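User: I would like to learn how to read side-chain features in a model. Please take them one at a time.
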Amino acid sequence: MSSRVAPRSHETPLMVLIHRANRELQSDVVRQARDAGYDGAKPAHNALFATLPLAGARTADLAERAGVTRQSMGEVVRELVDQGVLEMRPDPHDRRAKLITYTEAGLAQVRTGRAHILGIDELMVAELGVDGYECLRHGLDTLVEVLRARDA
């Protein structure tokens, strides 16, 4: 007899819960950015902010990390360059390539966003307790690892 508990048909599937949570988190971050004065913030920008290191990166690398096409990431990069959040400069390792980096205004936006995201973590610790928060994080990490291993 298995000790595993099967999901009940009346329960919301895990995938749906994760999708809803992600959508709410994405919306919350954009809403906070707009409230902080970053009027051009959009959900599509979140993938770039989540994957662009402070030292910069190429658009193709950002797209791969975010799991989107180069064209999609290129559109987001151009939009944020036009907003003054990012700049494109020659890659010092390959002058033919462009390195995407934050402007000073972009760094300010990143700091604001990261502080908000840490606040969400603190909110979840307050709601779930430290053990519950760590269990949630561990469960999500495990889900990613199990699915990646299954695909390999």
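User: How many aromatic pairs does the count come to?
Analyst: This is a predicted model, in which local features need pLDDT of at least 70 and side-chain atom pairs pLDDT 80 or more, while totals for chains, interfaces and linings use all residues. Residues are numbered from 1 along each chain as its sequence is written, and side-chain values use heavy atoms, without hydrogens and water. A pair of aromatic rings is described by the distance of the centres and the angle of the planes. Rings of Phe, Tyr and Trp (its six-membered ring) pair if their centres lie within 6.5 Å; planes under 30 degrees apart are stacked, over 60 edge-to-face, the rest tilted. The count here is one aromatic pair. The centres of Phe49 and Tyr102 are 6.1 Å apart and the planes at 5°, so this pair is stacked.

User: Which parts of the chain does the pair link?
Analyst: Helices (H or I, at least four residues) and strands (E, at least two) are DSSP runs, numbered from the N terminus. Phe49 belongs to helix α2 (residues 43–51) and Tyr102 to strand β2 (residues 94–102), 53 residues apart.

User: Are Phe49 and Tyr102 buried or exposed?
Analyst: Buried means under 20% relative accessible area, exposed over 50%, partly exposed in between (1.4 Å probe, protein chains only). Both Phe49 and Tyr102 are buried.

User: What is Val76 in contact with?
Analyst: Contact means heavy atoms within 4.5 Å. Neighbours within four places in sequence aside, Val76 touches Ala44, His45 and Leu48. Val76 sits in helix α4 (residues 70–82) and is buried, at 10% relative accessibility. From Val76 to Ala44 the C-alpha distance is 7.0 Å, across 32 residues in sequence.
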